[in-house]
Structure formats: C-alpha cells, structure tokens
Amino acid sequence: MLNAIIAPVIVFAIIVIVHEGGHFFMAKLTGMKVDEFAVGFGPKIVSFRKGETLYSLRAIPLGGYNKIAGMNRDDLDDPRAFRQRPTWAKLLVIAGGALFNILLAFFIFTAIFFINGIHTFKDIPVAGSVLEESSAARAGIKAGDKIISINEEKVERWEDIGRIVSDKAGRVLSVVIDSEGVKKTVTVIPKDNGE
C-alpha cells in the first residue's frame, strides 16, 4: 500500500526535477539570474545556497519552480533579469522544461532498449496461431508449423504467403509444411478473406 503512494510521488518528483532543471539550465545558459530552484511547494524542509541561487526541498512534493529574476516584475533594472533578455533567450527558458522532459523520455526508452534489446517480428513463414474453422486448420496446419512451399513455389518469408495466395481464393493449393521436423504435403482451399 505504501509503495502505491510513494512510487508515483518519486516518479513525479523526477519528472518535475528534470522539467524545472530544463528551465534552470536554459536560464543559466542564457545568462539569467536564478534566485531559487525549488523542488516541491510549501515550507522549506532543507535548503542551501550555492553562488547566487538558493536550492530548496519543500514539504509538498507535487511540483517545483524556478524563481528567475525579472519574471514577476522584480529586479527589472537588472540586465540579467528575464524581461531584460532577448526574445530568443526567453523562448529557450520557456521551452527548456518541455525539451528536458522529451530528452528524459528518450533516455528512458534508450536504456530500456539497451537493457532488454529491441524485439522485432522475425519474418519467417511459421504459423504463430491458426484460427479454428479456417482453411489452414481444416488442412491440418497447426501453430508452429513452417510453410516451405505453396504450389511448388518456395516460401522464404511470411509475406511470400500473402503474395502467393492473394489471387487464389477458392482454388486448391498444395502446401508443403514442416510440422515438428516432419515434412508433410497438405491441401488448402483459401477463402476470399485469405483464411
């Protein structure tokens, strides 16, 4: 029960830190003055100052913010204030949060693919499943059977099957299969819907 509450809060906190970190990074990159970088809202739990910026962790972990000079009509005379900076710099700061969230998603998916690998469909002509009452089922083809040829035309990839039978609805086809290591020849009459 406790994990069901704590896990989402931690995930949300990571997203907030990355998002606000994007705004913070772009503000610093473009020469703006950041008075405070806060994770959470409400009263401060802990804080420390490094350079001109106060870093704080607050009691309610459902958000965060950057206090950038000049955003709320304070320090408007400071040349490093948000309102004094060029438009391109303001746009970078505003877009920084979303950009960093996109980068976070990219790195998460890259890590998942790196750890688990990329699973792709193997283009081999093996029946994954066979529908009951289909032409293939009536012919005795089962899941796991490999299609070797249809009407003496060699089948090397799954898409070859569709190409070979596409215009042969209602015709008798001779299909050679490998079923558990035993080659068999079966007769299939495909329907209009390809079954």
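Reply: Phe109 and Phe113 are 4 residues apart in helix α2 (residues 87-116), so about one helical turn separates them. The model is a predicted one. In it, the two rings form an aromatic pair, with 6.4 Å from centre to centre and 35° between the planes. The pair is classed as tilted, because stacked rings need planes under 30 degrees apart and edge-to-face rings need over 60. Phe109 has a relative accessibility of 49% and therefore counts as partly exposed. Phe113, at 43% relative accessibility, is likewise partly exposed. For both residues the category follows from the cut-offs, since buried means under 20% and exposed means over 50%.

This pair belongs to a set of 8 aromatic pairs in the structure. Another of them joins Phe48 and Tyr55, whose ring centres are 5.3 Å apart and whose planes meet at 20°, so this pair is stacked. Phe48 and Tyr55 also belong to a cluster, in which ring pairs link them with Phe24 and Phe37.

Along the principal axes, the C-alpha atoms fill a box of roughly 85 × 45 × 25 Å. Of the 195 residues, 30% count as buried. The accessible surface comes to about 12800 Å², and carbon and sulfur atoms account for 63% of that area. Among contacts between residues at least 6 apart in sequence, 46% join residues at least 24 apart. As for charge, the protein has 24 positive and 22 negative charges, and their mean positions lie 8 Å apart.

Most residues other than glycine have a negative phi. Glu152, however, has a positive phi near 65°. Glu152 is placed in the loop between β3 (146-150) and β4 (153-154), and its relative accessibility of 80% makes it exposed. Glu180, which is not a glycine either, has a positive phi of about 55°. The loop that holds Glu180 runs between β5 (173-179) and β6 (182-188). With a relative accessible area of 72%, Glu180 is exposed.

Conventions. Residues are numbered from 1 along each chain as its sequence is written. This is a predicted model: local features need pLDDT of at least 70, side-chain atom pairs count only at pLDDT 80 or more; totals for chains, interfaces and linings use all residues. Side-chain values use heavy atoms; hydrogens and water are left out. Rings of Phe, Tyr and Trp (its six-membered ring) pair if their centres lie within 6.5 Å; planes under 30 degrees apart count as stacked, over 60 as edge-to-face and the rest as tilted. Helices (H or I, at least four residues) and strands (E, at least two) are DSSP runs, numbered from the N terminus. Buried means under 20% relative accessible area, exposed over 50%, partly exposed in between (1.4 Å probe, protein chains only). Contact means heavy atoms within 4.5 Å. Accessible areas come from the Shrake-Rupley method with a 1.4 Å probe; for residues, only the protein chains shown count as cover. Lys and Arg count as positive and Asp and Glu as negative; His and the chain ends are not counted. The place of a charge is taken as NZ of Lys, CZ of Arg, CG of Asp or CD of Glu.
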